[in-house]
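Please open the model in your viewer and keep the selection panel at hand. The stops below go from the whole chain to single residues.

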Amino acid sequence: MKTSFIALSGPTNSGKSTLLNCFAKKKVSIVSKKIQTTNFNIEFSINYKDTQMIFIDTPGFYKDNINDNYLREALQGLERADIVIFILDINNKFRHLDKIKDNLSKFKKKILVFNKIDKLNNDQILSKIKVIDFLNSFDEIFYISALKKKNTEKILRFIEKNTTKSSNKLSRKTTKEKFFSEITREALLYYVHKEIPYKCLIITNNIKSGKFITINQTVIVRSEAHKKIILGKKGHMIKNIGTYSRLQLEKIMKKKVNLFIKIKLSKIK
Ligand SMILES: Nc1nc2c(ncn2[C@@H]2O[C@H](COP(=O)(O)OP(=O)(O)OP(=O)(O)O)[C@@H](O)[C@H]2O)c(=O)[nH]1
Ligand SMILES: [Mg+2]
């Protein structure tokens, strides 16, 4: 079997994780309308015709993450890739083009993907892309909607055609614990506003599988005020977060889930 490692890279919120979920045909990476949703590289492998494609979803570029852990993580993801897919939201002013330009020479194969075309008509799309003066540097350019699954299979066909050999690199699978924590982080991003979700850490302490799956998680918060907000009035907020996360987990695991979430105040700032 031929194998390719493919990194999904680009500014935050451009739809990298949505595209990975579209290829995987299920949720493997969390998505939100907020920035900086993906915090660490998520790898997921699919087979398409005679090709194994190992996708690496990376944290998006963001103005403040130039030197921080997220960017370091994203660049590590790029290092492992044979093919890189740079994804831009066609509706936005294109940001971080310099980072894309700087990384181009590292790759033999690079694709540019304009995502979210469902929001524009053809004329608008054409006028938008004119501003990029290095379109010729890419092996292929695609116009897609990851959300509506439009033109996405064309990308798989390109990867398949451009993969020639097998690889002895190993895929770094995300552990169940890490993935379950991610699902609860998505719930937190959905319900809790502003910076709080970015300052919490979610740990899955325990998973017991039987007729049901019982999961124990801890949300570690940095201040008493954050704890209060996540708890909500009479515990309403944490209840909503738990329900959202549990329903997602049940859908993914196809089993009933008992989810217990504790909130713990960390003394480390
Ligand atoms: N209309 C539309 N919205 C989309 C499309 N693809 C993704 N989105 C939305 O864009 C937002 C961001 O999507 P993500 O997949 O989380 O973006 P990301 O690039 O992984 O973001 P980071 O992890 O922060 O780097 C979500 O609200 C998605 O539903 C699309 O094709 N069309
Ligand atoms: Mg993401």
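A residue is called buried here if 20 or more other C-beta atoms lie within 10 Å of its own, exposed if 12 or fewer do, and partly exposed in between, with C-beta atoms placed from the backbone. Helices (H or I, at least four residues) and strands (E, at least two) are DSSP runs, numbered from the N terminus. This is a predicted model, in which local features need pLDDT of at least 70 and side-chain atom pairs count only at pLDDT 80 or more, while totals for chains, interfaces and linings use all residues. Residues are numbered from 1 along each chain as its sequence is written, and chains are lettered from A and ligands numbered from 1 in the order in which they are written.

Begin with helix 1, residues 16-24. Lys-16, Ser-17, Thr-18, Leu-19, Leu-20, Asn-21, Cys-22 and Phe-23 are buried in this helix, so that it is mostly covered, with eight of its nine residues buried. Its buried residues pack against strand 1, strand 2, strand 3, strand 4, strand 5 and helix 5, where a contact requires C-beta atoms, placed from the backbone, within 7 Å of each other.

Next, show ligand 1 and the 23 residues around it, of which Gly-15, Ser-17, Thr-38, Gly-60 and Leu-147 come nearest; a residue is taken as near if its C-beta atom, placed from the backbone, lies within 6 Å. Helix 1 provides the largest share of this shell, three residues. By class, the shell holds five nonpolar, 13 polar and five charged residues, where Ala, Val, Leu, Ile, Met, Phe, Trp, Tyr, Cys and Pro count as nonpolar, Asp, Glu, Lys and Arg as charged, and the others, Gly among them, as polar.

Now select the largest nonpolar core, whose 33 residues include Ile-6, Leu-8, Phe-55, Ile-85, Phe-86 and Val-113, the ones that touch the most other members. Such a core is a set of buried Ala, Val, Leu, Ile, Met, Phe, Trp, Tyr and Cys residues joined through C-beta atoms within 7 Å. At least two residues of this core come from each of strand 1 (2-9), helix 1, strand 3 (51-57), strand 4 (83-89), strand 5 (109-115) and helix 5 (152-161), and strand 4 gives the most, with six. Centre on Phe-55, which, not counting residues up to four places away in sequence, touches Ile-6, Leu-8, Leu-20, Phe-23, Glu-43 and Phe-44. Apart from this core lies another, of 19 residues, among them Phe-180, Ile-202, Ile-238 and Ile-261.

Move on to Tyr-48, in strand 2 (residues 42-48). Is Tyr-48 buried or partly exposed? It counts as partly exposed because it has 15 C-beta neighbours inside 10 Å. Leaving aside neighbours within four places in sequence, Tyr-48 is in contact with Met-53, Leu-156 and Glu-160.

Finally, colour the chain by domain: the assignment, automatic or taken from a database, gives domain 1 (2-161) and domain 2 (176-265). Their C-alpha centres lie 28 Å apart, and the contact takes seven residues from domain 1 and eight from domain 2. On the side of domain 1 that touches domain 2 there are one nonpolar, three polar and three charged residues. Zooming out, the protein chain shows eight helices and nine strands, and its C-alpha atoms fill a box of roughly 55 × 40 × 35 Å along the principal axes.

Conventions: Two residues are in contact if their C-beta atoms, placed from the backbone, lie within 7 Å.
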